[in-house]
2 protein chains.
Amino acid sequence: MSAAEKNGTGVTAAAGFAAAGVVAGLKASGSADLAVVHNLGPLRSAAAVFTRNRVQAAPVVWSRGVVADGSVAAVVLNSGGANACTGPAGLQDATTMAARTADALDVEAGDVVVCSTGLIGTRLPMDRVVAGIEACSAALDPSGGAGAARAIMTTDSRPKESATTVTGPTGTWTVGGMAKGAGMLAPALATMLVVLTTDAVATPETLDRALRAATARTFDRADADGCMSTNDTVVLLASGASGVEVDARTLTEALTEVCADLAHQLVDDAEGAAHTIAITVAGAASEDDALEVGRAVARSNLFKCAVFGRDPNWGRVLAAVGTTSAAFEPDDLDVTFNGVMVCRGGQIGDDRSLVDLSGREVSLLIGLGAGEAEATIWTTDLTHDYVTENAEYST
Amino acid sequence: MSAAEKNGTGVTAAAGFAAAGVVAGLKASGSADLAVVHNLGPLRSAAAVFTRNRVQAAPVVWSRGVVADGSVAAVVLNSGGANACTGPAGLQDATTMAARTADALDVEAGDVVVCSTGLIGTRLPMDRVVAGIEACSAALDPSGGAGAARAIMTTDSRPKESATTVTGPTGTWTVGGMAKGAGMLAPALATMLVVLTTDAVATPETLDRALRAATARTFDRADADGCMSTNDTVVLLASGASGVEVDARTLTEALTEVCADLAHQLVDDAEGAAHTIAITVAGAASEDDALEVGRAVARSNLFKCAVFGRDPNWGRVLAAVGTTSAAFEPDDLDVTFNGVMVCRGGQIGDDRSLVDLSGREVSLLIGLGAGEAEATIWTTDLTHDYVTENAEYST
């Protein structure tokens, strides 16, 4: 029986973790809105990456300090309110969430990461949050991952979980995780909260290296709407329960697999999207050039509307490429939609009517003709549903 | 009788110009789609600014060369096709447009600026273009500005014209102009074609200085959808017909007035917009900081959807401000929607329900608390109509 079968899914796929999600009453809908993930040990190694937005929510300010020493015993998360732009009172609320979770689990408040998501600029109803923390801590279970994943959803239409089990020369170990996304997905982390867990034995330094490498190639390349959140947090906890020691390279591989799966789930479920678009930039002089071009195209509203309209509008692709500082000559640019090269050498290529954009998945390949580097950015189209969801979100 | 009364409107408001617009058959709609503006002299001084997009349409490549010597006799413009990404054949088409216009007006081809707008990546039907140039050249009239302004429209819902007459110590002179916009309005020029004319006496160097100063504070600060076109052109012609010499400072003032009016008309008529938003960033350490912050907010799709939904969502404003490198402390940020300071010192301010966003005009004031510099960016909201227009444009 593998760890994944013995335990739960997502954050409880790896051994040494318990989790739960409860209804604290923070959401008007009455859905689950508070989750706790508890690292049962024996190790409590951890690492995290946070939003690069300079306006940072109180939980992010608090959690940066928690993770600094590489030790985390638990993560408490709520949906229904971001606790961002709430001033000193908001920071006090985040601190209280950590302290109450620590009390319930008999750990140190300074070892509890706090994550919040929802509307910016409103205080959390702390009486409900505190009661929720107590109920959730009492409900913790080694198979509770699925419940926790549901409780962190905002405008997500479905929970996101993933896990992979690795059998190496020294034994079997697992990486698992959960994520929430939906809006503000970009550009270096989305409005995403992600908790990753592993039962491997690893130092905080190894976790940090592996986490940064894995997120740089996965979450950092998902750009649904170009808007960067104030609350993004990706935290990785290691329990060591498998007894299997791993090095950074091996851990990075497994982590990247789980993060890529979660990142795809985030883009597939981005607010109002009708198409999931993989923009691959090839023939670039450097990976940075490829990323710059991919991001520029991913942020072109005109391109994104064209895909919604099932229109392989390569002119809008070239117009976006032309705004970058990447190395290329306009006459060397190729653009291929779903296998049809509609622009060749900067000019009209194959018949655009051959392109079928009726499916959910769209593959856009841009050839710069300037080198050998390549990178892929995932994005979505711009739709009526996106406008509707984001025009009506807080009102 | 003033010059503006004696002559036409827009590009024919100043003395010494004739213009016309005709139906060449380039648009499926059968509307006017080809225009010529002829400088009757005695001067033929000129200056121009072009798109900074590295993918440049054939007419832009041609016209850069024409303007280099500071002498322009005429401008020929067509809607119904951008002649962009059309390779050497497209450049030949642009050259032919200049040559045929030159023949009809008995001037040099190397003194004819060419502007095209419409779909990227399709060749122009040159037989119709050539016939249109002949018909248009025969119809030129000192009161033909309004017809020319109609002929350059694409998805514009109305023509854009402006003019101002200045009476100074040495006499009376006029600056006029026409513009087309609608989509791809950003960030340093929009998909805009603008022809400005003056009957003042000025050297090409004076025109160039004044034009760059005026566009930097007007067209460069209109950012409807963050998409930069391959065809943007703003050209200024001086006939000298008033006999009044002007210096760069005086000319800049009058030009800025006309350009600001035209830029406002462009934003007011941007594709699918329901709100015109003036984003003023004050208390900045530098004007560059103010512009960076204003542009970041103007490009936030979440912010733009919120305005469409009449929601003074200051959290999305702060999230966008936080992505910039401008000097500020998060705790010093103020956000005021239509006079109501909904965020004060980075925290919840006055009651958001006091904000009325039901009107067309929205004023957003962002205080950085970091200095004395200030700048305003004009943008629009993100609406269902924007998505519809841009999903269906080429199909």
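User: How many residues does the contact take from chain B and from chain A?
Analyst: Contact means heavy atoms within 4.5 Å. In this predicted model, local features need pLDDT of at least 70, side-chain atom pairs count only at pLDDT 80 or more, and totals for chains, interfaces and linings use all residues. Residues are numbered from 1 along each chain as its sequence is written, chains are lettered from A and ligands numbered from 1 in the order in which they are written, and side-chain values use heavy atoms, with hydrogens and water left out. The contact takes 57 residues from chain B and 57 residues from chain A.

User: What area do chain B and chain A bury between them?
Analyst: Buried area is the accessible area (1.4 Å probe) that two parts lose on being put together, summed over both. Carbon and sulfur atoms carry 61% of it here. The total is about 4300 Å².

User: Which element supplies the largest share of the side of chain B that touches chain A?
Analyst: Helices (H or I, at least four residues) and strands (E, at least two) are DSSP runs, numbered from the N terminus. Elements of chain B that each supply at least two residues to this side include α3 (87–105) and α11 (384–391). The largest share is 6 residues, and it comes from α11(B).

User: How many salt bridges are there between chain B and chain A?
Analyst: A salt bridge is a side-chain nitrogen of Lys or Arg within 4 Å of a carboxyl oxygen of Asp or Glu. Over all chains, the whole structure has 24 salt bridges. Between chain B and chain A, the count is 0.

User: How many residues apart in sequence are the parts that R217(A) and E287(A) tie together?
Analyst: R217(A) forms a salt bridge with E287(A), with the closest N and O atoms 3.4 Å apart. R217(A) lies in helix α6 (residues 204–217) of chain A and E287(A) in helix α8 (residues 287–298) of chain A, so the pair ties together parts whose separation in sequence is 70 residues.

User: Is K160(B) buried or exposed?
Analyst: Buried means under 20% relative accessible area, exposed over 50%, and partly exposed in between (1.4 Å probe, protein chains only). K160(B) forms a salt bridge with D156(B), their closest N and O atoms being 2.6 Å apart. D156(B) has a relative accessible area of 6% and is buried. K160(B) has 1%, and it too is buried.

User: Which residue forms a salt bridge with R221(B)?
Analyst: R221(B) is buried, at 7% relative accessible area. The closest N and O atoms of the pair are 2.6 Å apart. The partner is E287(B).
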